[in-house]
Amino acid sequence: MHTWTLLLVLLAVMALAYQAGRKRAITSAGGAGRINTLHSLPAYYGFYAALWAGIPALLLLALWTGVQDQVITQLVSADLPPAVAAGLSPGELGLMLNDVKNLAAGSIVSGEVTPAIQAAADQYGRLQGLARWAQWLLVLAVALGGLALALGQTRPGLRARNRVESIVLAVMILCSSIAILTTLGIILSVAFESYQFFTKVNPAEFFLGTLWSPQTAMRTDQVAAAGAFGAVPLFTGTLLVSFIAMAVAVPIGLMAAIYLSEYAPRGVRSTAKPLLEILAGIPTVVYGFFAALTLAPMIRAVGESLGLAVASESALAAGLVMGIMIIPFVSSLSDDVINAVPQAMRDGSYALGATKSETIRRVVIPAALPGIVGGILLAVSRAIGETMIVVMAAGLAANLTANPLASVTTVTVQIVTLLTGDQEFDSAKTLAAFALGLTLFLVTLALNVIALHIVRKYREQYE
């Protein structure tokens with residue numbers, strides 16, 4: 001009996017509770033012809049019964065699912081023979097209990113299966129079976145008890161609509177709180193690990209240093225044993241690639257949006273806009289392939305024909321492809337805000353004798369400026385956070401350069417590199433990824449705040 005099966009049964013019970021609550025309300029009112037004597041519509045009595053049957057049982061099911069394995073593991077661990085558990089460290093005991101669980105599930109164990117481990121596995125399996133039966137019985141009992149309580153309260157004067165709306169409001173507040181607390185937890189975890197990093201590395205070295213070499217040696221007498229954590233090359237690489245990307249995406253995306261919203265016939269618009277937005281659905285790894293296998297060799301060939309030194313992986317290749325990827329992001333947002341400009345403003349401009357281009361330049365674009373700027377800043381955030389294209393097209397070398405034909409790396413690429421493979425979370429090398437992540441978060445947050453400020457300022461001006 002799987003938990004998902006119990007969840008489906010609970011949904012069926014809630015559906016039955018809705019019908020029972022609705023029917024009970026109509027019956028208590030004296031029939032369908034007297035439902036006007038009810039405080040609320042009959043459907044609200046049904047929702048009230050369904051919520052009472054479902055919410056407490058779902059909460060119990062979630063709690064049970066979360067603690068069941070821990071409780072059974074503690075019971076099995078407590079019943080282990082002293083001769084088996086004595087002298088084991090917490091890590092060794094955990095490995096043995098993991099073997100017990102694998103043996104109970106029929107999986108491969110890491111060591112020899114002794115009679116004591118076999119007995120513990122048998123007990124683990126029995127307790128799991130009992131727990132599943134108890135889970136079904138208790139959850140269904142709570143569901144049916146909630147249904148009985150709701151039906152017992154159902155009478156014509158029950159303020160069912162008010163109570164249903166209060167319950168729904170509480171559920172929405174709970175969901176909002178979960179989202180906020182999750183975000184807060186992520187920020188705090190990154191901030192805590194970043195603090196650990198800055199206790200090992202001077203913040204001045206991190207933010208102002210120009211040498212990035214986070215590889216630390218195993219022994220202190222080796223070369224570069226302390227590593228170098230100057231992040232300026234990463235910041236400049238990120239800004240260089242993002243600048244190239246936005247230089248491609250902003251003019252093309254904005255011009256495409258103006259054409260589609262102001263000049264294109266309806267048939268062209270209905271065809272061209274979906275085709276343009278297909279670019280947004282292409283996986284970034286495909287863009288990376290295109291950049292690494294097609295565009296980068298083409299740029300190098302052209303550069304060498306002009307006598308320029310071009311790296312096999314360059315910021316220009318990554319930025320151009322990233323700009324192509326962001327074009328639909330800019331054009332779609334700009335198209336929406338341009339279309340949202342009231343037609344009365346265009347008509348007023350035409351009535352004063354302005355041409356179409358003058359109306360677009362002096363009326364439509366200024367009116368749509370808050371949304372356009374907000375969309376561009378969101379696109380900048382997208383460019384700063386892009387990783388896959390940069391890994392495949394720009395390289396991993398932390399070069400402090402403004403040459404777009406050179407190989408560079410970005411903050412997100414280094415975060416991926418630092419957290420790939422087995423890690424030691426007490427080393428400066430691993431903790432540097434969190435410091436980079438916190439810096440990236442603060443920069444993106446600042447861009448979003450600026451975008452919101454611009455949107456609010458100019459929206460008030462035109463409303």
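The questions and answers that follow concern a predicted model.

Colleague: How many salt bridges does a search of the whole structure find?

Modeller: Side chains of opposite charge can pair when their charged atoms come close. A salt bridge is counted when a side-chain nitrogen of Lys or Arg is within 4 Å of a carboxyl oxygen of Asp or Glu. Searching the whole structure in this way, the number of salt bridges found is six.

Colleague: Is Asp335 buried or exposed?

Modeller: Asp335 has its place in helix H11, which covers residues 315-339. A residue counts as buried when its relative accessible area is under 20%. Because the relative accessible area of Asp335 is 1%, the word for this residue is buried.

Colleague: With which residue does Asp335 form a salt bridge in which the closest N and O atoms are 2.7 Å apart?

Modeller: Leaving aside neighbours within four places in sequence, the residues in contact with Asp335 are Ala257, Leu260, Ser261, Arg269 and Lys273. The partner in question lies in helix H9 (residues 266-281), so the pair ties together parts that are 62 residues apart in sequence. With the closest N and O atoms 2.7 Å apart, the partner is Lys273.

Colleague: How many residues apart are Glu262 and Arg346?

Modeller: These two residues form a salt bridge, with their closest N and O atoms 2.7 Å apart. The pair links distant parts of the chain, since Glu262 is in helix H8 (residues 232-263) and Arg346 is in helix H12 (residues 343-351), and the separation is 84 residues.

Colleague: Is Lys101, which meets Asp69 in a salt bridge, buried or partly exposed?

Modeller: The side chains of Lys101 and Asp69 meet at 3.2 Å, N to O. Lys101 has a relative accessible area of 24%, and a residue would have to be under 20% to count as buried. Lys101 is therefore partly exposed.

Colleague: Which residue's backbone oxygen does the side chain of Thr154 reach?

Modeller: Thr154 lies in the loop between helix H5 (115-153) and helix H6 (160-200), and at 6% relative accessibility it counts as buried. The side chain of Thr154 comes to 2.8 Å from the backbone oxygen of Ala150.

Notes:
Residues numbered from 1 in each chain as written. Predicted model: local features only at pLDDT ≥ 70, side-chain atom pairs only at ≥ 80, totals over all residues. Heavy atoms only, no water. Helix = DSSP H or I, 4+ residues; strand = E, 2+ residues; numbered from the N terminus. Buried < 20%, exposed > 50% of the residue type's maximum accessible area, 1.4 Å probe, protein only. Contact = heavy atoms within 4.5 Å. Polar contact = N/O pair within 3.5 Å; in protein donor to acceptor, adjacent residues only side chain to side chain.
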